[in-house]
Amino acid sequence: MVDRDRSGFIDENELQQAISSGYQRFNIRTVRLLMFLFKNPNDSLRCGPKEFAALWSCLGQWRGIFERYDKDRSGKIDLFELRDALYSLGFAIPSSVLQVLISKYDDGSGRRVELNFDSFVECGMMLKGLTEKFKEKDKRHTGTTTFNYDEFMSMIIPFLVSYD
Ligand SMILES: [Ca+2]
């Protein structure tokens with residue numbers, strides 16, 4: 001159903017339509033991040049059926065987390081709810097880092113910044129993806145590792161360019 005042009009693959013527009021249907025419209029930036037994290041390794045722009053199934057199930061898990069940690073039932077996730085949600089997943093992200101991250105979604109109205117589901121997924125997946133990259137290097141799970149400059153740059157840059 002999602003593969004509208006019957007190519008056997010899902011591109012970013014098809015993905016955006018598919019995941020926007022049940023919830024609010026998904027930001028194309030979040031769609032691109034999901035595509036970047038789940039794409040077929042042999043194909044840079046599309047998902048096959050297997051990758052799509054993994055992506056879909058992952059989104060369902062984020063939806064569950066979103067609902068569980070939206071403690072005040074505002075339909076959005078604020079800084080403290082985000083911190084608790086990430087902590088439950090094993091990510092102890094410093095508040096100062098979360099503050100910077102969440103400021104990206106500040107609409108300038110002076111109101112407290114809160115994340116919609118797609119922004120929540122974007123933040124969560126980015127933090128999770130970068131943490132996993134770090135863990136690949138931190139083989140003994142000490143929370144400390146060593147990078148050279150090339151490794152550091154090739155770890156971070158794909159997250160910055162692939163979906164923005
Ligand atoms: Ca909330």
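Here are some notes on the fold, the surface and the salt bridges of this predicted model.

1. Start with the layout. The protein chain has 7 helices and 2 strands, and from the N terminus they come in the order α-α-α-β-α-α-β-α-α. The radius of gyration is 17 Å against the 15 Å that the globule rule gives for 164 residues, so the chain is as compact as a globular protein of that length.

2. If you take contacts between residues at least 6 apart in sequence, 55% of them join residues at least 24 apart.

3. Now the surface and the charges. The protein chain exposes about 9,900 Å², with carbon and sulfur atoms supplying 54% of that area. There are 23 positive and 24 negative side chains, and the centres of these two sets sit 3 Å apart.

4. The salt bridges come to 11 in total. One of them pairs Asp72 with Arg112, at 3.9 Å from N to O. With a cut-off of 4 Å for a salt bridge, that pair still counts. Asp72 belongs to the loop between helix H3 (49-69) and strand E1 (77-78), while Arg112 belongs to the loop between helix H5 (95-103) and strand E2 (114-115), so this contact ties together parts 40 residues apart in sequence.

5. Arg112 has another partner: it also bridges to Asp78, with the closest N and O atoms 2.4 Å apart. This pair, too, links distant parts of the chain, with Arg112 in the loop between H5 and E2 and Asp78 in strand E1, 34 residues apart. As for how covered these residues are, Asp78 is buried at 8% relative accessible area, Asp72 is partly exposed at 41%, and Arg112 is exposed at 51%. The cut-off for exposed is over 50%.

6. For a local case, look at Lys128 and Glu132, whose closest N and O atoms are 3.1 Å apart in a salt bridge. Both are in helix H6 (residues 117-137), and because they are 4 residues apart, about one helical turn separates them. Lys128 is partly exposed, with a relative accessible area of 30%, and Glu132 is partly exposed as well, at 39%.

7. Last, the network: salt bridges with shared partners join Asp72, Asp78, Arg112 and Glu114 into one network. When you open the model, Arg112 is a handy place to begin, with its bridges to Asp72 and to Asp78.

Conventions. Residues are numbered from 1 along each chain as its sequence is written. This is a predicted model: local features need pLDDT of at least 70, side-chain atom pairs count only at pLDDT 80 or more; totals for chains, interfaces and linings use all residues. Side-chain values use heavy atoms; hydrogens and water are left out. The radius of gyration is taken over C-alpha atoms; the globule rule is 2.2 Å times the number of residues to the power 0.38. Contact means heavy atoms within 4.5 Å. Accessible areas come from the Shrake-Rupley method with a 1.4 Å probe; for residues, only the protein chains shown count as cover. Lys and Arg count as positive and Asp and Glu as negative; His and the chain ends are not counted. The place of a charge is taken as NZ of Lys, CZ of Arg, CG of Asp or CD of Glu. A salt bridge is a side-chain nitrogen of Lys or Arg within 4 Å of a carboxyl oxygen of Asp or Glu. Buried means under 20% relative accessible area, exposed over 50%, partly exposed in between (1.4 Å probe, protein chains only).
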